[in-house]
Amino acid sequence: MGIIAWILIGLLAGLIAKALLPGKDPGGLIITMLIGIAGGLLGGWLGKVIFGVDSIDGFFEVSTWVAAIVGSLILLVLYRLVAGGRSRSRA
């Protein structure tokens with residue numbers, strides 16, 4: 001898959017992750033979408049390393065989307081823990 005396809009999958013995976021984990025994010029929608037792009041890459045890498053599957057088969061493959069969404073969820077939770085803790089300690 002090309003870089004444009006990964007960006008598109010990441011953006012959509014970030015929005016799906018945000019829908020699955022509602023609440024206030026410290027960075028807003030733009031940061032959530034950037035986390036989605038990075039999460040898509042992370043999910044593809046984790047699928048290959050941990051499970052030995054090629055989770056980046058194609059744009060319309062279910063494994064690609066599941067990997068991207070799981071990676072986005074992981075990064076979104078980590079971001080909320082790190083950035084959320086920082087903003088609360090300053091208030």
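Here is a friendly conversation about a predicted model of a protein chain.

Tutor: Residues are numbered from 1 along each chain as its sequence is written, and side-chain values use heavy atoms, with hydrogens and water left out. In this predicted model, local features need pLDDT of at least 70 and side-chain atom pairs count only at pLDDT 80 or more, while totals for chains, interfaces and linings use all residues.

Student: Is Ala 68 buried or exposed?

Tutor: Ala 68 is part of helix H3, residues 62-90. The cut-offs for relative accessible area are under 20% for buried, over 50% for exposed, and in between for partly exposed (1.4 Å probe, protein chains only). Ala 68 has 0% relative accessibility, so the residue counts as buried.

Student: Which residues does Ala 68 touch, beyond those up to four places away in sequence?

Tutor: A contact means heavy atoms within 4.5 Å. Gly 44 is 24 residues from Ala 68 in sequence, with 6.5 Å between their C-alpha atoms. The residues that Ala 68 touches are Ile 9, Ala 13, Gly 39 and Gly 40.

Student: Which residues form the largest nonpolar core?

Tutor: A nonpolar core is a set of buried Ala, Val, Leu, Ile, Met, Phe, Trp, Tyr and Cys residues joined through side-chain atoms within 4.5 Å. The largest one has six residues: Trp 6, Ile 9, Ala 13, Trp 65, Ala 68 and Ile 69. The elements giving two or more residues to this core are H3 and helix H1 (3-20).

Student: How far does helix H2 reach from its first C-alpha to its last?

Tutor: The expected span of a helix is 1.5 Å times one less than its number of residues. Helix H2 covers residues 28-51, which is 24 residues, and 34 Å is expected. Its reach is close to that, at 32 Å.

Student: Which residues does Gly 40 contact, leaving aside neighbours within four places in sequence?

Tutor: Gly 40 is found in helix H2, and its 0% relative accessibility is why Gly 40 counts as buried. The C-alpha atoms of Gly 40 and Ile 9 are separated by 7.0 Å, although the two are 31 residues apart along the chain. The contacts of Gly 40 are Trp 6, Ala 68 and Ser 72.

Student: Is Trp 45 buried or exposed?

Tutor: Trp 45 also has its place in helix H2. Its C-alpha atom is separated from that of Ala 68 by 9.6 Å. With 52% relative accessibility, Trp 45 counts as exposed.

Note on methods: Helices (H or I, at least four residues) and strands (E, at least two) are DSSP runs, numbered from the N terminus.
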